[in-house]
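Q: I have a structure open and would like to go through it with you. Could we take it piece by piece?

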Amino acid sequence: MNKCYTEKTIEINLNIKLTQRSDMLSFGSDAVLISAFAASFGKGRGADFGAGSGVISLLLAKKNHITGIEAVERNELLIPLIEKNILQNGIDKVKPVLSDVREYGERGLDFIVSNPPYLPKGSGIENLFSNNNDARRENNGTISDFVSSASKALKQGGQFFCIYRPERLCDLIFAMKSNKIEPKRIINVYHTVQRPPCLVMVGGVKTGKSGVKISRPLVLFNNDGTRTGDSDSVNNNLMLPEDIFKN
């Protein structure tokens with residue numbers, strides 16, 4: 001059978017070597033942002049729901065704030081890629097797990113992190129590669145499915161970190177509240193201060209008390225196209241800016 005894709009290895013944040021397939025969704029800033037969010041508050045043992053190439057798991061393991069993470073991915077074609085990325089970076093805290101998140105059986109975890117599909121099934125213009133469509137669209141589970149499975153996997157007081165589209169924030173919060181994950185932190189991410197937010201990150205606690213903190217805007221670029229201090233903190237240190245939640 002002819003190979004209809006290519007592989008390419010790039011160096012990303014924290015000097016991680018990441019191999020990607022041309023027929024799969026490629027690495028983007030959303031993975032770094034949610035990794036920085038989880039690295040700033042999460043610790044212990046966790047899982048990455050919809051791991052793709054394993055980039056979020058690799059970043060968190062390299063940052064060394066966690067004891068271990070399972071890279072949960074339903075696409076069997078991506079498991080060898082995760083294994084390759086683990087091996088070439090010499091990281092032993094990441095374990096690939098072939099599973100639909102709806103069937104994930106681990107329990108008692110300290111945290112779950114996810115960059116889930118953000119488009120409803122059947123919406124928008126589909127990509128040439130079906131794997132990209134699955135990564136972007138809820139073809140194999142809705143946001144409610146992701147959050148429900150996260151709630152089952154988390155221990156009481158366990159943390160959930162998710163990055164999503166602002167226009168679907170209500171769907172995410174409803175799913176969290178419906179599954180006993182109380183939203184505790186919300187960060188709106190802006191490309192520049194002149195534009196509406198392009199992404200939103202929400203952190204929640206299983207069976208947590210009511211009360212949420214809204215951060216100041218996290219802005220990635222200045223008007224002249226240069227990176228902001230916020231962007232430097234996220235990209236260089238894989239941490240949120242220290243003042244992100246200060247009044």
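Q: Where does Ser 231 lie?
A: Ser 231 lies in helix α7, which spans residues 229-237; helices here are DSSP runs of H or I with at least four residues, strands are runs of E with at least two, and both are numbered from the N terminus. Please keep in mind that this is a predicted model, in which local features need pLDDT of at least 70 and side-chain atom pairs count only at pLDDT 80 or more, while totals for chains, interfaces and linings use all residues. Residues are numbered from 1 along each chain as its sequence is written, and side-chain values use heavy atoms, with hydrogens and water left out.

Q: Is Ser 231 buried or exposed?
A: Ser 231 is buried, because its relative accessible area is 3%, and buried means under 20%, exposed means over 50% and partly exposed is in between, with a 1.4 Å probe and protein chains only.

Q: And which residues does Ser 231 touch?
A: Leaving aside residues up to four places away in sequence, Ser 231 touches Val 219, Leu 220 and Asn 236, where contact means heavy atoms within 4.5 Å.

Q: Zooming out, what does the secondary structure of the protein chain come to?
A: The protein chain has seven helices and eleven strands. Of its 247 residues, 49% count as buried, and among contacts between residues at least 6 apart in sequence, 69% join residues at least 24 apart.

Q: On to helix packing: at what angle do α1 and α2 pack?
A: Helix α1 (residues 29-41) and helix α2 (residues 55-63) pack at an angle of about 40°, with their axes 9 Å apart. The axes are lines fitted to C-alpha atoms, for helices over the stretch in contact, and the angles run from 0 to 180 degrees between N-to-C directions.

Q: What does that make α1 relative to α2?
A: That angle makes α1 oblique to α2, since angles under 35 degrees count as roughly parallel, over 145 as roughly antiparallel, 65 to 115 as roughly perpendicular and the rest as oblique. The crossing of α1 past α2 is right-handed, a term used if the near helix is turned clockwise from the far one by less than a right angle, with left-handed for anticlockwise.

Q: Which residues make that contact?
A: From α1 they are Ala 31, Val 32, Ile 34, Ser 35, Ala 38 and Ala 39, and from α2 they are Val 55, Ile 56, Leu 59, Leu 60 and Lys 63. By class, the residues of this contact of α1 with α2 are nine nonpolar, one polar and one charged, counting Ala, Val, Leu, Ile, Met, Phe, Trp, Tyr, Cys and Pro as nonpolar, Asp, Glu, Lys and Arg as charged, and the others, Gly among them, as polar.

Q: How do α5 and α6 pack?
A: Helix α5 (residues 143-153) and helix α6 (residues 169-178) pack at an angle of about 35°, with axes 9 Å apart, and α5 passes α6 in a right-handed crossing. Ile 143, Ser 144 and Val 147 of α5 meet Asp 171, Leu 172, Ala 175 and Met 176 of α6, so that the contact of α5 with α6 has five nonpolar, one polar and one charged residues.

Q: Where is Ile 82 found, and what does it touch?
A: Ile 82 is found in helix α3 (residues 79-89) and counts as buried at 1% relative accessibility. Ile 82 and Gly 54 are 28 residues apart in sequence, with 5.2 Å from C-alpha to C-alpha.

Q: Is Thr 67 buried or exposed?
A: Thr 67, which lies in strand β4 (residues 66-73), is exposed, with a relative accessible area of 59%.

Q: Last topic, backbone angles: what is phi of Lys 180 near?
A: Phi of Lys 180 is near 65°, a positive value in a residue other than glycine. For context, most residues other than glycine have a negative phi. Lys 180 lies in the loop between α6 and β8 (181-190) and counts as exposed at 61% relative accessibility.
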